Amino acid sequence: MSVALDLRLKRANKVYHEGEVLAGVVVITSKEAVQHQGISLTMEGLVNLQLSSKSVGVFEAFYNSVKPIQLISSNIEVAKPGKVPGGKTEIPFEFPLQAKGNKMLYETYHGVFVNIQYTLRCDMRRPLLAKDLSKTCEFMLHCQPQKSKVQPTPVDFTITPETLQNVKERTSLPKFVIRGHLDATNCVITQPLTGELVVESSEVAIKSIELQLVRVETCGCAEGYARDATEIQNIQIAEGDVCHGLPIPIYMVFPRLFTCPTLETTNFKVEFEVNVVIVLHDDHLITENFPLKLCRV
Amino acid sequence: MGSVYSPNSCPNFPTRFHSIALYSVFFRHARVRKYGAELQRCRLDAVPVDLGDYHPLKPITVTDSRSRRGGRKGSTSSSSSSSSSVAPDPLSSMLEGTDPLSLFAAASASETPTLSHSKNEEEVGADFEPWSAKRGEILARFTTTEKLSINLFMGSDKTSSPSSAVSEKVRTRLEELDDLEEGSQRELLNLSQQDYVNRIEELNQSLKEAWSSDQKVKALKIVIQCSKLLSDTSVIQFYPSKFVLITDILDTFGRLVYERIWSMCSDPRPIPDSFSVEDVNDTAKETCLNWFFKIASIRELIPRLYVEAAILKCNRFLNKTGIQETLPRLTAMIRGIGDPLVAVYARAYLCRVGMEVAPHLKDSLNKNFFDLLASFRQIHGDTVQNQLVIQRVEIPVYLTLYSPAIHWILQCVAYRAPDVLLTEMMERCKKLGNNALLLNSVMWAFRPEFVAARATDFIGMIKDCDEAGFPKHLLFGSLGRSLACADPPESERLPILNEAWKVITKVRSPQDYINCAEIWVEFTCRHFTKREVNTVLADIIKHMTPDRAFEDAYPQLQSVMKKILTYFHNFSVLFSMEKFLPFLDMFQKDSVRVEVCKSIMEVFIKHQQEPTRDPVILNALLHVCKTMHDSVNALTVEDEKRSLALLINGFIRMVSFGRDFEQQLSFCVEARATFCNLEPVIIQLIHTVNQLAMETRRVMGGSHSRKTAAFVRACAAYSFITIPSLTSIFSRLHLYLLSGQVALANQCLSQADAFLKAAVSVLPEVPRTISVEGKQRSSEAFLLDFINSFLSTLLVVPDHPEQGVLYLVRGLLNMVQDYTWEDNSDAKVRVYISALPLLAAMSQESYLYTIPKVDSNETLYGGDPKFVAEISRLCETLIGQVLDHLKTLGREEGVRRQGSLAFSLFSTLLAHGDLRNNKLNQLAVNLWNLSHKNGHCDTRTSVSLSPTYTFSYKLLNDFHP
């Protein structure tokens, strides 16, 4: 097949904001002239919700999958049926990014039960005997920066056997004191999560200390709410029996696509939490949970 | 002169030549020569030489007309790599790789006024020992025989991470980064060290392949896996080498990523090396950012740290301050590594990358060191101790594993650091308990001057160290190394040596002892006299003799010897050291012994300025040379023999007993007995003896007394009986000739006669081919050379009273005639032609040269017509032979040779014959015509050969228009 269809956005990072114009070119490359029955472009923004089988029954999950929410949609015809000459043809296009009605454009987010995705698709319909050509590309939407100033709200924490909940036999626990702080729980999404952690004492050697970034997705539907927490990433900040009394930095970059500013709508919610996980050499696992509020400035 | 004799009137005609002379019809007439007048005429006009003029031997000076490149701006990599005739700036050539970055750093520093460093402070100069120098050393030093394993399976740790149920379907791409392609997960067990190295090299290759085939994610996976191997400390002795191998891969990766992004920016035209963030286009920035995001999501600490450090340089594409911010963060991140060994090597890597990329950022280097101090107690923690017990590694061995990394860190920290900082660092080290390891690195890495100035303090600190930990001899070794390069204050030197040696002498293991002692010998030699060195040698002998411990320590002992030889050039002092020869005796392995002897002789030859007769030196060196000589056996290669002979010759040349010639001769006799297996030495001895004879002659002003005459005869006898022992025929011939000349000069006529006769009698033995530099060559040219020089000597040799006229000349010619020349060779005839000038010279009234106090034939015969006639007959015979040969050539395919031979006979006749004689004149004309008959002789060149020829040519034309 000698025809190639491609979409090229003007911005290299493919990041746009509401109210801006999505601009780019459709590129058709072919050796000979191409006969077609019309080229069209479709831009669409969708929120896909899915119920986990954990929260509801398997069958319910299957039947009651929530309908996708359309945030934006538009369609234009780039070229009427006809011929595209051989060689490389570039057709420029522009889409205004305006939400439908009173909806707003949420930020791009790839999760497990919630997916917010913006795509641009180009279709070239072709006469009989030739396959229709199609090319899809995703672009990112970042929501408007938050107006109000972010209060960092740092937290200090101390973990000892006594502070733990959810313990069956408190007596069997080894003794340890771990102190630390997070510089902010109201985090700017483009800035890393920072803080410090000091192992002041520990009877049993430490095997590993990790930061677990967790998303908490809540989907609402007629039957009720489903709330699920899943891991996004796990970053090890200490390996082995670290030096006691020496502060270890807490540092984690929020991954793109998989995080977005904390989102709360009528139908669904996306929130984030971080767990400080300490694994002891005898495989005791100690977790301290911190809810985060992400925002964009 | 010029009278004609009939052949019959010659009474003493040699029988052999008689038969040949039958058909000779020409009379040979020698031209009368006035040598003095000719000399005057031929002398060149003296031309005053202008010193400023061009002289071919004057060294060529190239003046550099290029303007100096200002601060190496622009594309340095291309301009400085081109090899120009100008001596390259050592700094710029050293900085080939790092320069663009330091330039960038300089640029950013100049833009931000807060960072006002002077430029030279920011660059890494030639005085910074690069990592590449350390690499090989580490690989060679840290080896293991244990079995190693590579675990290429990265995903297995998933179980320990408390991940919630994540279905396969939604596994994100980021998580996929953690494991390589499904199914390729494998663990390689039981690898030998070499296998392991090969595996790592394979990974390096597959990284490059993956990269070039655009599989960037796979490349990243490989790098992550490799760096993960660094968290594994099983087979701990191998860890430093593993570190070296794996960081090589990381370096490759860092370079690949940097180059890729760099090439993305240079789309329309390449961006300069000193680019700024504004020059980078969005696509490149985005790609770069992607790399950083990917790396930031690597789950494990150690791979994340190493990989980010590897691409540290790429921060330049994103923002000005990236490197500045990243370095401290990575430094802090290392605190999370629990294993102290892993952590210290991670620091070393970070320092290394930091020095390459941003040498001006000293703070993070210091921070690294201070963090290292803060976590130093980890080394003695329980976790480490348990591990050592399991792996059965002892603490001292374990501690030495740290050395390369700490050395490196300290080297980076100390590089061009102010003394205040160094003092502070030292103080901090002091405060820590059991700091021998650090102390060792401080001494190793800090400037030797700094260490030397505080040597006494260091000794105190070393003493305070715990016995059980880091071995003390290593500490003293490091101190000694610094003191070998820099001098401590004068007054402290002796106490330092005493203190150090007190400890060194207590080291029990001979290997450890000698390693340490070897270093301190340098300090001792540098500052003290032979007394102290002697003591040190005595101590070494004492330690190394029991159980023949020296057998395992030859390299160190050799190094001791080398150091002593570097500082003691006065051999009488050296050999007066009581323990020097006993020390020499410790080298009992033949090859090493010869090696050491050679190094002694080399130093002697290089530094001995004046000839010596010191019996101590002579005895000792004779012993040394004998050792070298005795090592020669049937298996010794030619080159080795040559180099040994060269050294012994050097020694012989340096022996002089002044006016005590007899002593010198007896030395030569002794030497001949000692060095009989090395021909070049024998030759040298003969030369020495000949020289001795000539020296005697000079001292006596040419006239010998009875005593000296007997002595020079003894010299001649020495040569005469020594020469036959040589195997090389040409050496023999030349030495016979030379010794004959010397004997003649010393008025030993019968000895001279014997030498020359011997030479003539050896002639038939000359083989047709000889081996020259391993190739078989025809000996003809050498033989012709020899005969010519022999002929010129014969002019002054008076005839033996009991033998016939021109006895030696005839003898020589007979030998030439009998000799089996090569087929189709004109050599014999050429000898005949070259004998003609001799005969012409012999027929003169006064000879071209004579030997004082020796009467040549000119005086003996006084121009007796019979003698002259005899010469003429001989000439006739010779010319007849030549003409005969010319005839045979005409018949065969030898016209070219015929022409050239005819021409050379012609020119000989011109130069030496009397052409006023008609027959001779006719002969010359015939020869001229013959030589030009076949057009093989270029008239112009032949004519312009010499003014004499031109003159004669005219003469010829006048006679025969």
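# Briefing: Chains A and B and Their Interface

Chain A and chain B bury about 3,000 Å² between them, 56% of it on carbon and sulfur atoms; buried area here is the accessible area (1.4 Å probe) that two parts lose on being put together, summed over both. The model is predicted, so local features need pLDDT of at least 70 and side-chain atom pairs count only at pLDDT 80 or more, whereas totals for chains, interfaces and linings use all residues. Residues are numbered from 1 along each chain as its sequence is written, chains are lettered from A and ligands numbered from 1 in the order in which they are written, and side-chain values use heavy atoms, with hydrogens and water left out.

**Interface**

- The size of an interface is often given as the accessible area lost when the parts come together.
- On the side of chain A, Gln236(A), Glu239(A) and Arg256(A) lose the most area to chain B, together 20% of what that side buries.
- The two chains meet through 34 residues of chain A and 38 residues of chain B, a contact being heavy atoms within 4.5 Å.

**Chain A**

- Chain A contains one helix and 21 strands; helices (H or I, at least four residues) and strands (E, at least two) are DSSP runs, numbered from the N terminus.
- Chain A has 297 residues, and 49% of them count as buried, where buried means under 20% relative accessible area, exposed over 50%, and partly exposed in between (1.4 Å probe, protein chains only).
- Of the contacts in chain A with a separation of 6 or more, 71% come from residues 24 or more positions apart.
- Its accessible surface is about 14,600 Å², with 51% belonging to carbon and sulfur atoms; such areas come from the Shrake-Rupley method with a 1.4 Å probe, and for residues only the protein chains shown count as cover.

**Chain B overall**

- Chain B holds 47 helices and four strands.
- Among its 961 residues, 52% count as buried.
- Within chain B, 74% of the contacts between residues at least 6 apart in sequence join residues at least 24 apart.
- The accessible surface of chain B is about 45,400 Å², and carbon and sulfur atoms supply 53% of it.

**Helices 27 and 28 of chain B**

- The axes of helix 27 (residues 530-544) and helix 28 (residues 554-567) of chain B come within 13 Å and cross at roughly 170°; axes are lines fitted to C-alpha atoms, for helices over the stretch in contact, and angles run from 0 to 180 degrees between N-to-C directions.
- Helix 27 and helix 28 of chain B are therefore roughly antiparallel to each other, a term for angles over 145 degrees.
- Val533(B), Leu537(B) and Ile540(B) of helix 27 meet Leu557(B), Val560(B) and Ile564(B) of helix 28.
- By class, this contact has six nonpolar, no polar and no charged residues; Ala, Val, Leu, Ile, Met, Phe, Trp, Tyr, Cys and Pro count as nonpolar, Asp, Glu, Lys and Arg as charged, and the others, Gly among them, as polar.

**Individual residues of chain B**

- Lys463(B) sits in helix 23 (residues 455-464) of chain B and, at 43% relative accessibility, counts as partly exposed.
- Leaving aside residues up to four places away in sequence, Lys463(B) touches Lys472(B) and Glu499(B).
- Gln747(B), in the loop between helix 37 (729-745) and helix 38 (749-762) of chain B, is a residue other than glycine with a positive phi, near 60°.
- Gln747(B) counts as partly exposed because its relative accessibility is 25%.
- Leu806(B), in the loop between helix 39 (780-794) and helix 40 (807-818) of chain B, also has a positive phi, near 50°.
- Leu806(B) counts as buried because its relative accessibility is 1%.

Terms used
Parallel < 35°, antiparallel > 145°, perpendicular 65-115°, else oblique.
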